[in-house]
Amino acid sequence: MSKFFNKYYESLTPYVPGEQPQDKTYIKLNTNESPFPPAYSLNRNFDMELVEGLKFYSDPEVKELKQAIAEYYNLDYSEVIIGNGSDECLYYSFMAFGENGMSFPDITYGFYRVYADINHIKANIIPLKEDFLIDTEDYKNLGTAIIIANPNAPTGLMLSLTEIREILENNKNNVVIIDEAYIDFADESSAVRLIPEYDNLLVIQTFSKSRSLAGARVGFAMGKAELIADLERIKFSTNPYNVNTVSMKMAVEGIKNINYFKENCDKIKANREFVGNELMKLGFEVLASKANFLFARSDKISGIKLYEKLKENGILVRHFNEERIKEFNRITIGSMEDMKILIGKIKVILQE
């Protein structure tokens with residue numbers, strides 16, 4: 001840390017991304033990426049046209065993608081904003097709506113604490129129940145904005161639309177943000193369908209998971225036009241050209257190629273069920289995840305030891321050091337081939 005660094009941020013604890021090691025080839029099951037390629041193909045003419053266009057700034061309104069998302073979700077164009085990944089939408093949301101504080105679970109996406117700290121926002125951290133579920137009673141009349149990852153990370157558990165509606169009804173004077181990075185792998189409908197009813201609902205999604213575009217960095221938020229206008233004000237005050245031209249084109253393909261998207265989601269769900277059943281046969285406790293990952297622990301081996309042994313065997317999973325979840329590992333659902341290799345390696349490790 002230099003002597004010039006702003007002292008306010010000296011105690012800031014940054015978010016720790018999942019490992020991206022370069023020392024050898026791993027089966028990567030640690031950052032919830034898709035095992036499938038994106039729904040995107042270029043013919044030579046379009047490719048050259050796209051490259052030629054990169055001499056110009058990207059569209060600051062990201063019109064083509066915004067319109068495609070609005071049509072997909074049956075929203076008005078004014079009810080959508082595009083971000084450089086959903087993380088940017090989340091960051092803008094903390095800035096825009098966190099004046100009176102932000103409430104969220106103790107075990108959830110790690111960036112929430114960071115965004116609260118860096119924006120001088122008081123974090124009201126609410127413990128999950130012993131079974132890692134959210135108690136909606138804890139989220140009534142809080143007097144702060146609320147953010148809930150649904151399905152939650154790293155547990156994969158989720159609230160129903162009825163429960164989300166209950167939280168919205170009991171916090172009408174504050175914004176409720178539903179972070180749906182993993183909603184496409186769930187059987188429950190998106191909270192987007194509640195937007196016409198509630199002016200305090202903001203729903204945030206991403207192209208990183210179900211649409212195989214983690215490297216393109218495209219996310220989006222949806223809500224009443226007034227909420228989106230608030231986020232647009234912040235966006236155009238910080239980073240107006242926030243989504244590059246290539247990423248926008250790839251995301252448009254991703255939202256329009258519905259059949260490919262649904263096929264891949266169905267494959268992930270099937271692979272998730274397979275891995276969950278196999279882990280339970282080996283004595284693991286596996287939470288009922290609705291995301292593209294599983295959260296599991298075993299009384300036969302510690303969480304950190306299993307993580308280390310799998311890494312030695314060329315497989316990366318995500319381990320967390322927090323006391324309540326240190327015996328768990330989060331396992332991204334990959335291809336069936338990778339899942340069978342994972343189960344095979346775990347069987348060997350448990351026999352050692």
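**Surface, fold and domain layout of the protein chain**

The protein chain exposes about 16800 Å², and carbon and sulfur atoms supply 48% of that area. The model behind this value is a predicted one. Turning from the surface to the interior, 51% of the 352 residues of the protein chain count as buried. Charged side chains come next: 41 are positive and 51 are negative, with the centres of the two sets 4 Å apart.

As for secondary structure, the protein chain is built with 10 helices and 13 strands. Its radius of gyration is 21 Å, close to the 20 Å that the globule rule gives for 352 residues, so the protein chain is as compact as a globular protein of that length. Taken along the principal axes, a box of roughly 55 × 55 × 50 Å is filled by the C-alpha atoms.

Domain 1 is given as 7-32 + 259-350, while domain 2 is given as 52-256. The C-alpha centres of domain 1 and domain 2 lie 24 Å apart. Across the boundary, 26 residues of domain 1 are in contact with 31 residues of domain 2.

Methods. Residues are numbered from 1 along each chain as its sequence is written. This is a predicted model: local features need pLDDT of at least 70, side-chain atom pairs count only at pLDDT 80 or more; totals for chains, interfaces and linings use all residues. Side-chain values use heavy atoms; hydrogens and water are left out. Helices (H or I, at least four residues) and strands (E, at least two) are DSSP runs, numbered from the N terminus. The radius of gyration is taken over C-alpha atoms; the globule rule is 2.2 Å times the number of residues to the power 0.38. Buried means under 20% relative accessible area, exposed over 50%, partly exposed in between (1.4 Å probe, protein chains only). Accessible areas come from the Shrake-Rupley method with a 1.4 Å probe; for residues, only the protein chains shown count as cover. Lys and Arg count as positive and Asp and Glu as negative; His and the chain ends are not counted. The place of a charge is taken as NZ of Lys, CZ of Arg, CG of Asp or CD of Glu. Domain bounds come from an automatic or database domain assignment. Contact means heavy atoms within 4.5 Å.
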